[in-house]
Amino acid sequence: MDYAAVVAVEICYAVAVLVLISAGLAVIFGMMRVINLAHGEFLTLGGYAAIMSHQAGVNIYLSMLLVAPIVVAIFGILVERLIIRWLYGRLINTMLATWGLSLAMMGGMSMIFGNTTTGIATPIAGFAYGRYQLSGYNLFVIAMACAISIGLYLVLKFTRAGLIARGAMQNTEMTSAFGYSPSRVYLVTFTAGAALAGLAGGVMAPLVGLNPASGANYIAKAFITVIAGGASVVSGALASAGIFGVISQSVTLLSTPAVGEIALLVVAIILLRLLPTGITGKFFKGGV
Amino acid sequence: MIAREILPSIIIGLILMFILPMMLDSYTLTVLTAYAMLALSLGFIWGFAGILCFGQAAFFGLGAYSYAIAAINFGTPWGPFFIAILVPALFAAAFGAVLFYGRLSDVYLAVVTLVMTLILFKFMNSSAGEAYKIGNARLGGYNGIPGFETLTLPWDSTEYMYDETLFYFAFGLLVLVYILLRVCLRRPFGRILVGMRENEQRAELMGYDIRLLKTIAFSMGAGIAGLAGCLFANWAEIVTPALFSLGQSAEIIIWVIVGGAGTLMGPIIGAAVLGFTKFLLGQQSMIDNTLVLGVILILAVLLLPRGIFPSLVQLWNWLTGKLPSASGDRRRRTNKRRNGSDNGSGNA
């Protein structure tokens, strides 16, 4: 019984991590049809922002939940104005340019922070559950993932900003005819996506040893989760994170983490082959 | 007609083959040639068949690993040489058939090919230990496979090819593959591929099976990438999982886009120039290598979306007065067609 509960938490945690790391990418892809391949580096940047500000004396929760998103959002604004906005509507070119950005950021960060691994301790202690030890921070990550999904859903569905963003996604010309500048909508959406990436990077920072190349660990999983999810931002990301998280974590528990990751990737290929427009291209059509 | 087109390539190729070793050491040149071959493989499937494969490194790595594993098991180098081409080509044919018959395209294709590369990378990285053996060859996990038999002269199996000999061999193969691809693009098969790239639906309505065509082109590209991998394995004398890495895949795409997708010469030039830049950058420690590559890719996408080589050709044509104006793509095309010398958008 205890073991079942522990396994359930582990699986929820795997799903939560996927939701967390892909939320920012899902917003940018779902709303703007832009794939930000530098997403992994955005997460890493958020992680560095959290760690650096914490080491400078800021409260750990403040640095994770506030400093990291703000730093990455500011960086996102720069990137959108300098690179992305010249390439709207050219999916492959944005992918290539952001891949370049990813490499440049990786190189830049290793020049600034050095090729070493840094980290901070998790702020929440573990606790015993029956005969097993559970990590309290994992529960925090699960809670954060829930909060982000619910928050995103509410913003997109029930606020004016969300309405405009969805409108711009469906029909750019109509939106601009109504007096909303698409360029500004895109800027805000991209910044929001970057802020989410920063937040995720901050929350993940205590869990991983951070080095300039750690973005590569995130990007593939985030990318696959978003593409397999399809066009709907929240439901798509949740559905595919659910499938991938459960499968990879179950396989991991049965064998090794490496095999678990390979299982995730194999399932991704099969899923995309069967549902080429993603899960929400076939089911829950038109959802948020 | 074809002979007249190919003769200059052969002559220029031969001249370069003898001039280059005087300017650079043949050790660097050999690896640049392998890179150029790899770039050529992606340049063919992306630039002419319109298949953007984010995982060309997978076939490169597969070629290298197939060669190493076969060479250890057989103890002779020439069988493995062909195996290194065949294994990636067959793998790509099977994998490509699954994808193209499922009508995956652009982003989804890019994701799936990227994922495939990641799977191979993860698998090879975690394949340390006795359990992972193919015949006598241990996969060796992160450390890769060292110490396999390298290529010997075809007529003398005691004389290994290394340094200059290996460069001449690699460069000769590069010229050969280039010429074969050019001939192929002149034949109906190549023409249909380009037509398919321009308008898939139209090609299909004319009765061509684009799924089959794409699969064949994909498999050809993989075979060439495998050959590049084999050359690389012979140069490095070790194969490691880094061959499958994301960074390697990114680099191939950068070579092609900087050199010029849609041409065969562009990717070769891109690979040679950027590969050499990387060597030079590797000798200093002030600026990070990856940073420079990334910035080059961003600038190339933003400023030179057609690549160096096509831009140079356009400039040259404009300077020599072949064209009424450097701008106006449409006018240029009609002009060329009138002269009866239309090469498509560039079979250079």
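**Salt bridges, within and between the chains**

Mentor: Start with A:Arg81, which is partly exposed at a relative accessible area of 28%. This is a predicted model, so keep that in mind throughout. The partner of A:Arg81 is A:Glu80, and the closest N and O atoms of this salt bridge are 3.0 Å apart. How accessible is A:Glu80? Its relative accessibility is 0%, so A:Glu80 counts as buried. The cut-off for buried is under 20%.

Now widen the view. Over all chains, a search of the whole structure finds eight salt bridges. Let us visit some of them.

Go to chain B. There, B:Arg211 and B:Asp209 meet through their side chains in a salt bridge, at 3.3 Å from N to O. B:Arg211 is partly exposed, with 27% relative accessibility. B:Asp209 is partly exposed too, at 30%.

Stay in chain B for another pair. B:Glu251 and B:Lys278 form a salt bridge, with 3.0 Å between their closest N and O atoms. This one links distant parts of the chain, since its partners are 27 residues apart. B:Glu251 lies in helix α10 (residues 246-259) of chain B, while B:Lys278 lies in helix α11 (residues 265-282) of chain B. Is B:Glu251 buried or exposed? At 10% relative accessibility, B:Glu251 counts as buried. B:Lys278 has 29%, so this lysine is partly exposed.

Some bridges share partners. In that way A:Lys221, A:Glu261 and B:Lys122 are joined into one network. Notice the chain letters: the network includes residues of chain A and a residue of chain B. The link between the chains is a salt bridge from A:Glu261 to B:Lys122, whose closest N and O atoms are 2.6 Å apart. How many salt bridges cross this interface? The rule finds one. It also finds two residue pairs in polar contact across the interface of chain A and chain B.

Look next at what surrounds that bridge on the chain A side. Helices α4 (91-113), α9 (215-229) and α11 (257-274) of chain A each supply at least two residues to the side that touches chain B. Which element gives the most? It is α4(A), with 15 residues. Sort the residues of this side by type, and you get 28 nonpolar, six polar and four charged.

The contact as a whole draws on 38 residues of chain A and 41 residues of chain B. The area buried between the two chains is about 3,300 Å². Carbon and sulfur atoms give 85% of that area. On the chain A side, A:Leu96, A:Trp99 and A:Arg273 lose the most area to chain B. Together these three account for 20% of what that side buries.

To recap, find A:Glu261 in the viewer and follow its bridge across to B:Lys122. Then return to A:Arg81 and its partner A:Glu80. Finish with B:Glu251 in α10(B) and B:Lys278 in α11(B).

How values were computed:
Residues numbered from 1 in each chain as written. Chains lettered and ligands numbered in written order. Predicted model: local features only at pLDDT ≥ 70, side-chain atom pairs only at ≥ 80, totals over all residues. Heavy atoms only, no water. Contact = heavy atoms within 4.5 Å. Buried area = accessible area lost by both parts, 1.4 Å probe. Salt bridge = Lys/Arg side-chain N within 4 Å of Asp/Glu carboxyl O. Polar contact = N/O pair within 3.5 Å; in protein donor to acceptor, adjacent residues only side chain to side chain. Helix = DSSP H or I, 4+ residues; strand = E, 2+ residues; numbered from the N terminus. Nonpolar A, V, L, I, M, F, W, Y, C, P; charged D, E, K, R; others polar. Buried < 20%, exposed > 50% of the residue type's maximum accessible area, 1.4 Å probe, protein only.
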